[in-house]
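Welcome to this short tour of a protein model. Keep the structure open beside the text and look up each place as we reach it.

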Amino acid sequence: MQKQLDISESRLSMQHLIIHEEMAALKEEGKYREDGIYEEGMMPELLIPLTPGTSLTMSSGYGNMNERALMYNILIRMDELKEHKGFLNRFCQFYPKLNQKNWNWYVNAYSTRVEKCGDDYISKMHNRLFRNELFLDCYHRLIEYIENKNKEWNEKSHILNRLRVAFAQVSIEELEPDFVIMDEFQRFSSLIDDNEDDESEQTMLTKKFFGEMSGENAPLILLLSATPYKPYSTLEDLNETNCDQEYEDFLKLTNFLFTGEKAAEFKEVWKDYSTKLSQLNTDTFSLLLASKEHAEKTMYSAICRTERLSNSIIDTTSNVQEVQISEGDILAYCQMQKMIRNCQEKMQRRGKKFLWTNTPMEYVKSAPYLLSFMENYKLKEDIMKCLRNGKNTPIKLPFRKGSQQILINLDKVYNYKELPANNARLDSVKKILFNKEKQSQCLLWIPASHPYYKTDDTNVFRKNRDFSKILVFSSWEMVPRMMAFMLSYEQERLTIPCINHRREEHEPTYTNKTGAQRLRAATEGHAGTGKQLLEYASPYLASIYKPEESYGQDIEDIRGQIIEELYLKIKTLSRGKNIEEVTRCSSTAILKIAQWLDGIGNCPEEIPERTYRILADMAIGSPSICLYRRIGENVSDVIERSKDGDESTLASQFTGLFNLRQSAGIMDQLYGDNGRYYFENVLDYCVMGDMQAMLDEFIHMIDESGENIKNIVETIYGSFVGVSTSEFDTTDSFYYAKRRYRLRTHYSMTYTNTKVDERNVSRAINVRMAFNSPFHPFVLTSTSIGQEGLDFHWYCRKIVHWNIPANPQDIEQREGRINRYKCLAIRRNLANKYKGIFDWKKIFDSAYDDMKNSEGGLVPYWCLPVEEFDHPEMIERIVPLFPLSSDRERYQHMEDVLALYRLTMGQPRQEELLSLFREISQDQVMQLLFNLSPIKRINIETKK
């Protein structure tokens with residue numbers, strides 16, 4: 001048995017409950033043995049994820065609702081506290097009457113779970129807590145306050161925090177792992193830095209696993225990290241910190257890994273290698289090579305690393321191009337300069353000095369409408385202070401409002417008028433995303449990599465079969481905010497054709513024709529417009545379309561075969577009964593026919609026109625039926641997503657997708673006034689989008705076995721991220737000192753470093769899940785916070801380096817987010833090469849049999865030999881370079897360093913050392929690279 005925790009329950013303070021729940025489940029199934037002796041292969045498995053990213057530091061804070069509700073349920077079962085439930089409820093809720101409904105839900109849910117674990121669990125918890133000094137101190141303070149209610153209560157958060165630590169310590173006592181994996185272990189700072197005062201969860205864990213559990217009972221420990229230390233430092237880094245931090249981190253790591261006699265040996269070997277490396281010349285190359293091989297062998301005893309193929313599927317040249325500067329770019333820069341000069345004059349008249357003389361060029365190159373998107377930037381703050389005399393006074397700018405280019409024009413936004421890019425980089429990305437000929441703005445999901453049938457060339461999905469999501473990395477925090485709004489607005493502007501001017505509601509709306517198109521449920525007095533039809537998972541309709549049997553055929557032929565089978569089925573079932581064929585079309589009537597085909601209800605009295613076509617499209621492309629075909633009845637299971645009591649099904653998420661205003665606009669653009677109902681166009685869109693192939697590919701990425709249905713359902717459900725909003729300064733808010741406006745972002749979203757709290761952590765998880773789905777957002781923009789340890793590769797093969805990073809190694813880290821296991825580029829290349837194979841698993845199995853080589857399991861899952869493909873679809877490195885700037889020179893320097901920086905591993909002052917390698921040959925470079933790959937070393941030893 002294997003279980004993976006919900007992310008909200010990964011706190012160390014909650015693991016005592018999780019462990020006891022698993023033990024209770026094992027006992028119920030008869031799989032638990034008191035003596036702990038199991039037959040081979042029968043040992044139960046419990047997977048407990050505890051990471052610094054989710055198990056947050058406990059030195060401050062009051063935890064999340066899960067933690068506090070569980071603590072409450074343990075505390076109220078103590079004899080001295082059971083009579084004070086009201087006080088403990090308010091205490092653990094922390095914010096009484098705030099989210100009361102949610103809090104009650106958590107309390108009741110954990111009460112049920114605690115009861116299921118039985119009296120032994122509660123007794124054991126109480127015994128361990130009362131032996132814990134930290135808990136006893138908190139307990140006595142709670143009793144003291146209860147007995148003296150007039151006492152001033154000013155340490156509530158402190159006591160809650162101390163209780164969390166005490167419960168975490170109890171959980172530690174419960175953990176008796178056999179195998180510990182510390183992924184991205186450099187984030188466990190206490191692992192290498194011994195800090196006795198640190199009370200974080202990771203410190204508790206490391207002390208447990210590396211201290212108390214040493215000896216015969218010690219667990220096996222595997223430390224994983226692609227970047228346990230920063231592998232390259234520039235002279236700029238050294239000047240800023242006045243310390244060679246990367247070199248220091250390397251020494252700390254090796255000191256931790258090599259102990260005792262091995263530590264002394266490694267230091268001596270590494271010193272000899274470093275000395276010879278720093279004195280590199282042609283005459284001494286053979287001596288250096290021998291020293292390198294000795295150091296390599298010594299390091300391999302504690303560290304292993306396998307590099308990808310050098311001829312990878314990353315296209316590093318085609319999209320490194322100069323962008324075209326527009327009039328708007330220049331005018332926006334001139335206006336910002338004029339703004340600064342105006343501020344200088346104002347401050348001079350006041351007898352003060354304005355600190356800015358010029359607009360930083362990197363600001364101008366990075367974002368348009370700077371005054372709208374520069375949040376918490378000193379330049380904007382100083383301009384605001386200078387220009388605004390009072391809190392609510394208007395601002396006078398040195399140019400006319402109608403001609404300004406540095407603020408979002410609110411009048412244009414209300415009327416969906418085009419907002420000029422005013423930024424060459426943004427314009428280049430818009431051209432990639434929004435192709436008018438291909439109508440790429442009309443995509444609601446990424447086209448399937450492995451379509452099951454042929455469609456004509458006018459199909460929007462076929463025209464965009466190479467479309468990919470885009471991951472953008474920038475050095476400036478204003479860029480994610482700007483990209484989220486500008487691209488989301490542009491997609492709406494291109495898809496929502498008719499606008500109403502409703503300024504009083506502070507958001508653009510669209511009118512009758514598009515606004516009327518919705519999937520509504522039938523209610524009293526309303527016949528409905530297809531919602532229930534699209535959410536109905538018909539077993540019969542799911543059975544009459546078998547994708548593997550019609551694989552590769554034309555969609556019209558498939559549709560015709562299904563229509564013929566439906567006609568014969570209905571004719572057989574209605575023999576001897578009078579069913580009238582009517583010219584009107586009704587989704588309610590068609591739903592009754594679909595249910596009748598499943599043996600539900602009586603024979604219908606009428607068959608509306610287009611019934612057979614609609615039922616055929618349902619069989620092929622209805623989201624609920626496609627999901628039913630893969631995961632069974634789970635598509636109809638109620639999923640409680642909020643603790644407010646709101647309930648929905650997986651199928652209803654898809655109807656919600658098509659009820660968005662931009663979706664209605666897309667249907668209107670693609671189908672126009674074709675005389676059909678909205679639900680009919682939606683079904684045709686799903687067929688053209690090869691819904692089944694798209695979902696099958698997504699499910700394969702979620703769970704290759706297809707057996708973990710709960711995980712599949714939860715992941716698909718979580719893929720539909722809601723619309724976000726962000727505040728911006730606009731023409732009105734800036735000029736007239738009015739409130740700022742909130743504008744929608746959905747097509748493009750941000751992943752930035754925000755305040756770490758329960759809400760922001762949850763949002764970050766949701767955004768990651770959505771970007772790793774076929775659905776919106778199609779663009780994700782991040783700063784350095786997103787370039788390490790995160791996966792964004794499922795549906796993205798394009799990465800934009802908005803700014804060239806100072807450290808060239810950042811380029812590899814960024815591209816590593818999408819150059820990963822079974823990434824989009826790999827799947828598309830394999831699907832194209834093995835067109836005759838239907839199943840994804842068989843495609844990868846065939847590719848492995850054909851391509852396996854000395855790289856072992858890396859091919860074809862992590863990388864591909866590009867020479868095996870005629871026209872490979874590559875991961876695209878996009879670097880928009882400004883003409884006549886230093887961008888080209890900086891990028892060229894970065895490429896030069898990327899080719900050689902691995903030779904400087906574990907050396908001080910690496911940029912200076914790199915200059916020694918300019919003259920050595922490529923063959924010598926390859927000889928000096930460390931080979932720490934188990935696969936390659938085994939192959940080398942075998943050949944010997």
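A residue is called buried when its relative accessible area is under 20%, exposed when it is over 50%, and partly exposed in between, using a 1.4 Å probe and protein chains only. Helices (H or I, at least four residues) and strands (E, at least two) are DSSP runs, numbered from the N terminus.

## Before we start

This is a predicted model, in which local features need pLDDT of at least 70 and side-chain atom pairs count only at pLDDT 80 or more, while totals for chains, interfaces and linings use all residues. Residues are numbered from 1 along each chain as its sequence is written, and side-chain values use heavy atoms, with hydrogens and water left out.

## The overall picture

The protein has 944 residues, and 52% of them are buried. Its secondary structure consists of 42 helices and 17 strands.

Accessible areas come from the Shrake-Rupley method with a 1.4 Å probe, and for residues only the protein chains shown count as cover.

## A buried helix and a covered strand

Let us begin with helix H28, residues 623–631, where Pro-623, Ser-624, Ile-625, Cys-626, Leu-627 and Ile-631 are buried. Just after H28 comes Gly-632, with a positive phi of about 75°.

S14 runs parallel to strand S15 (residues 779–782), and four bridges join them; two strands pair if DSSP finds at least two bridges between them. Met-749 has Leu-780 of S15 as its bridge partner.

## A nonpolar patch on the surface

Now turn to the surface, where Phe-179, Ile-181, Leu-220, Leu-222 and Leu-224 form a nonpolar patch with about 470 Å² of accessible area together. Strand S1 (179–183) and strand S2 (220–224) are the elements that give two or more residues to this patch. S2 provides the largest share, three residues. Patches are made of residues with over 30% relative accessible area and no salt bridge; like charges are joined within 9 Å, and nonpolar side chains (Val, Leu, Ile, Met, Phe, Trp, Tyr) within 5 Å. A salt bridge is a side-chain nitrogen of Lys or Arg within 4 Å of a carboxyl oxygen of Asp or Glu.

Leu-222 is found in S2, and it counts as partly exposed because its relative accessibility is 36%.

## Aromatic rings that meet

Rings of Phe, Tyr and Trp (its six-membered ring) pair if their centres lie within 6.5 Å; planes under 30 degrees apart count as stacked, over 60 as edge-to-face and the rest as tilted. The whole structure holds 47 aromatic pairs. In one of them, Tyr-452 and Phe-838 are tilted, at 4.6 Å centre to centre and 35° between the planes. Tyr-452 lies in the loop between helix H19 (424–433) and helix H20 (460–463), and Phe-838 in the loop between helix H37 (824–833) and helix H38 (840–851), so this pair ties together parts 386 residues apart in sequence. Tyr-452 counts as buried, at 3% relative accessibility.

Phe-838 also pairs with Tyr-551: the ring centres are 5.6 Å apart and the planes are at 80°, so this pair is edge-to-face. Tyr-551 sits in the loop between helix H24 (539–544) and helix H25 (555–573), so its pair with Phe-838 ties together parts 287 residues apart in sequence. Tyr-551 counts as partly exposed, at 22% relative accessibility. Elsewhere, Phe-250, Phe-258, Phe-266, Trp-270, Tyr-273 and Phe-930 form one aromatic cluster.

## Backbone details to look up

Most residues other than glycine have a negative phi, and most peptide bonds are trans. A cis peptide bond joins His-776 and Pro-777, with omega about 5°; Pro-777 is in the loop between helix H35 (758–771) and S15. Val-859 and Pro-860 are also joined by a cis peptide bond, with omega about 5°.

Tyr-369 is not a glycine, yet it has a positive phi of about 50°. Tyr-369 is found in the loop between helix H15 (361–366) and helix H16 (370–373), and is buried, with a relative accessible area of 4%.
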